[in-house]
Amino acid sequence: QVQLVESGGGLVQAGDSLRLSCAASGRTYTMGWFRQAPGKEREFVAAISRSGSSTYYKDSVKARFTISRDNAENTGYLQMNSLKPEDTAVYYCAATSWPAGVTTTNYAYWGQGTQVTVSS
């Protein structure tokens with residue numbers, strides 16, 4: 001069983017930056033970040049392979065967000081720069097023993113989520 005705990009969310013202004021963290025228990029897994037805005041479905045944001053050598057992004061965040069991981073600390077990160085009001089959502093960390101995917105069904109383990117609010 002894998003436990004994931006996110007942190008780092010908050011209220012920021014447009015153009016600001018935030019770094020989300022995801023602390024994982026257990027062995028190393030492929031990690032992903034998803035987000036869910038009110039009234040919308042949960043959507044893929046970014047993913048990183050177990051080794052960290054491969055990364056994947058939603059097109060609208062590719063130039064602004066960076067996913068990374070520290071396997072020694074078993075922690076994943078999502079650095080979010082130039083935040084926009086449309087980035088406002090609950091952000092979820094997810095993990096899977098399979099290769100990275102872009103749908104929620106690819107991931108078996110989920111954190112509780114952390115709120116990111118970007119004001120204009």
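Here are a few friendly notes on one leucine, the core around it and a disulfide in this predicted model.

1. Next, look at the neighbours of Leu 78. Leaving aside residues up to four places away in sequence, Leu 78 touches Leu 18, Arg 19, Leu 20, Trp 33, Val 45, Ala 46, Phe 65, Thr 66, Ile 67 and Tyr 91. Take Val 45 as an example: 33 residues separate Val 45 from Leu 78 in sequence, and their C-alpha atoms are 9.5 Å apart in space.

2. Leu 78 also belongs to the largest nonpolar core, which has 26 residues. The members that touch the most other members are Leu 4, Trp 33, Val 45, Phe 65, Leu 78, Met 80 and Tyr 91. Two or more residues of this core come from each of β3 (18-24), β4 (30-36), β5 (43-48), β7 (65-70), β8, β9 (89-96) and β11 (114-119). There is a second, separate core of 5 residues, with Phe 34, Phe 44, Ala 47 and Tyr 107 among them.

3. Cys 22 and Cys 93 form it, with their sulfur atoms 2.0 Å apart. Because Cys 22 lies in strand β3 and Cys 93 in strand β9, the pair ties together parts 71 residues apart in sequence. The link is left-handed, with -75° about the S-S bond.

4. Are the two cysteines buried or exposed? Cys 22 counts as buried at 0% relative accessibility, and Cys 93 is buried with a relative accessible area of 0%.

How values were computed:
Residues numbered from 1 in each chain as written. Predicted model: local features only at pLDDT ≥ 70, side-chain atom pairs only at ≥ 80, totals over all residues. Heavy atoms only, no water. Contact = heavy atoms within 4.5 Å. Core = buried A, V, L, I, M, F, W, Y, C linked by side-chain atoms within 4.5 Å. Buried < 20%, exposed > 50% of the residue type's maximum accessible area, 1.4 Å probe, protein only. Helix = DSSP H or I, 4+ residues; strand = E, 2+ residues; numbered from the N terminus. Disulfide = S-S within 2.5 Å.
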